[in-house]
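This briefing covers one protein chain, taken from residue level up to overall form. Please read it alongside the model.

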Amino acid sequence: MMDKFLNKENIVIVVAVITILVQSNYFATKLDLANIKLEMAEMNQELKSYIDKNDKELMVSIESKLQNISDKIDRIHR
């Protein structure tokens, strides 16, 4: 009975199926990693954009305050 299942063709088929399963899992894992890297790059870009926007707003606020201080100093010296 076991001789019917343990012939060369069946062994080759089992090895081929196992190889295909391992490779498909390997490539699925690589695809998942590539997707994660892409998501991280997108998040990094969004974070940089957010920081740049807030930096500009902060700089405008600081420049406005410095201008007010400069105006007050000029009024004191007159």
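Asp74 lies in helix H2, which covers residues 8–77. The model is predicted. Helix H2 also holds Met59, and the chain as a whole has two helices and zero strands. The radius of gyration is 33 Å, well over the 12 Å that the globule rule gives for 78 residues, so the chain is more spread out than a compact globule.

**Residues in helix H2**
- Asp74 is partly exposed, because its relative accessible area is 37%, which falls between the 20% limit for buried and the 50% limit for exposed.
- From Asp74 to Val60 the C-alpha distance is 21 Å, with a sequence separation of 14 residues.
- Met59 is likewise partly exposed, at a relative accessible area of 44%.

**Surface**
- Met59 belongs to a nonpolar surface patch that also contains Leu58, Ile62, Leu66, Ile69 and Ile73.
- Together, the residues of this patch have about 550 Å² of accessible area.
- The accessible surface of the protein chain is about 7,700 Å², and carbon and sulfur atoms contribute 65% of that.
- Of the 78 residues in the chain, 0% count as buried.

**Overall form and charge**
- Along the principal axes, the C-alpha atoms of the chain fill a box of roughly 110 × 10 × 10 Å.

How values were computed
Residues are numbered from 1 along each chain as its sequence is written. This is a predicted model: local features need pLDDT of at least 70, side-chain atom pairs count only at pLDDT 80 or more; totals for chains, interfaces and linings use all residues. Side-chain values use heavy atoms; hydrogens and water are left out. Helices (H or I, at least four residues) and strands (E, at least two) are DSSP runs, numbered from the N terminus. The radius of gyration is taken over C-alpha atoms; the globule rule is 2.2 Å times the number of residues to the power 0.38. Buried means under 20% relative accessible area, exposed over 50%, partly exposed in between (1.4 Å probe, protein chains only). Accessible areas come from the Shrake-Rupley method with a 1.4 Å probe; for residues, only the protein chains shown count as cover. Patches are made of residues with over 30% relative accessible area and no salt bridge: like charges are joined within 9 Å, nonpolar side chains (Val, Leu, Ile, Met, Phe, Trp, Tyr) within 5 Å. A salt bridge is a side-chain nitrogen of Lys or Arg within 4 Å of a carboxyl oxygen of Asp or Glu.
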